[in-house]
Amino acid sequence: MTKTARTGGQDDPDQHPPGTATPVRERLVERTCAWCGEPVAYSGRGRPPRFCSPVHRRRAWELRSAQERAERPVSDGGQSREPVREVVERTQTVVRTVVLGDQDKVPLAPRAAQRLNGEPYTLPEDAVEWIEALVALRREVSNPKIHAFRHHIALACEKTARALRDADPGPEA
């Protein structure tokens with residue numbers, strides 16, 4: 001780039017006569033990166049670089065394009081200027097324990113037996129099937145799936161045995 005300047009007077013070291021043109025040459029040697037501010041050398045050929053690396057050029061473009069997209073109307077994919085509003089649903093569960101006396105107890109409706117997978121469980125229909133089911137239970141006592149419930153099963157079996165004894169009309173004749 002060449003600039004021509006009019007100089008004259010006693011300030012000029014070359015002592016040119018007043019009103020004469022003196023050629024002044026300026027050449028860009030380096031500029032700073034528009035992203036990070038580091039110096040970027042310029043060879044003097046082509047358009048002067050604005051960024052020190054392609055990464056910084058891409059970051060600047062991403063920022064510019066994001067700002068342009070945000071400034072578009074919301075209907076065209078732009079950013080809303082409305083404040084963010086939240087709708088919160090709060091559920092509070094209160095658990096109360098009521099102790100009832102024997103006279104206040106309400107008999108519970110019998111619950112249909114079901115397997116762990118949710119399918120209905122069919123109970124044995126006669127004495128032979130009940131005996132087979134109890135034999136199968138006796139074999140499964142060492143099963144790890146049952147191990148944690150052994151105490152509960154034993155209590156249930158004891159209550160069942162007691163009920164069978166109490167319902168016994170006496171020796172068969």
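This is a short chat about a predicted model of one protein chain.

Trainee: What does the secondary structure of the chain come to?
Mentor: The chain has 4 helices and 4 strands. Keep in mind that the model is predicted.

Trainee: And what pattern does the chain follow along the sequence?
Mentor: It reads β-β-β-β-α-α-α-α.

Trainee: How much of the chain is buried?
Mentor: Buried residues are 8% of the 173 in the chain.

Trainee: What about contacts between residues 24 or more positions apart? What share do they account for?
Mentor: They make up 6% of the chain's contacts with a separation of 6 or more.

Trainee: What does the accessible surface come to?
Mentor: About 16,600 Å². Carbon and sulfur atoms hold 53% of that area.

Trainee: Switching to charges. How many salt bridges are there?
Mentor: The count is 1 salt bridge. Arginine 85 pairs with glutamate 82.

Trainee: How far apart are their closest N and O atoms?
Mentor: They are 3.8 Å apart. The cut-off for a salt bridge is within 4 Å, so this pair counts. In general, side chains of opposite charge can pair when their charged atoms come close.

Trainee: Are arginine 85 and glutamate 82 buried or exposed?
Mentor: Both arginine 85 and glutamate 82 are exposed.

Trainee: Which residues form the negative surface patch?
Mentor: Glu125, Asp126, Glu129 and Glu132 form it. Glutamate 129 sits in helix α2, which covers residues 127-139.

Trainee: Why can glutamate 129 be called partly exposed?
Mentor: Because its relative accessible area is 34%.

Trainee: Now the nonpolar patch. Which residues form that one?
Mentor: Tyr121, Leu123 and Trp130. Together they have about 310 Å² of accessible area.

Trainee: Where is tyrosine 121 placed?
Mentor: In the loop between α1 (54-71) and α2. Tyrosine 121 is partly exposed, because its relative accessibility is 36%.

Trainee: Over to the strands. Where does alanine 41 lie?
Mentor: Alanine 41 is in strand β4, residues 39-41.

Trainee: Why does alanine 41 count as exposed?
Mentor: Because its relative accessibility is 64%, and exposed means over 50%.

Trainee: What is alanine 41 in contact with, leaving aside neighbours within four places in sequence?
Mentor: Val29, Glu30 and Pro49.

Trainee: And how far apart are alanine 41 and leucine 28?
Mentor: In sequence, alanine 41 and leucine 28 are 13 residues apart. In space, their C-alpha atoms are 9.0 Å apart.

Key. Residues numbered from 1 in each chain as written. Predicted model: local features only at pLDDT ≥ 70, side-chain atom pairs only at ≥ 80, totals over all residues. Heavy atoms only, no water. Helix = DSSP H or I, 4+ residues; strand = E, 2+ residues; numbered from the N terminus. Buried < 20%, exposed > 50% of the residue type's maximum accessible area, 1.4 Å probe, protein only. Contact = heavy atoms within 4.5 Å. Areas by Shrake-Rupley, 256 points an atom, 1.4 Å probe, with all protein chains shown as cover. Salt bridge = Lys/Arg side-chain N within 4 Å of Asp/Glu carboxyl O. Patch = residues over 30% accessible without salt bridge, like charges linked within 9 Å, V, L, I, M, F, W, Y side chains within 5 Å. Lys, Arg positive; Asp, Glu negative; His and termini not counted. Charge placed at Lys NZ, Arg CZ, Asp CG, Glu CD.
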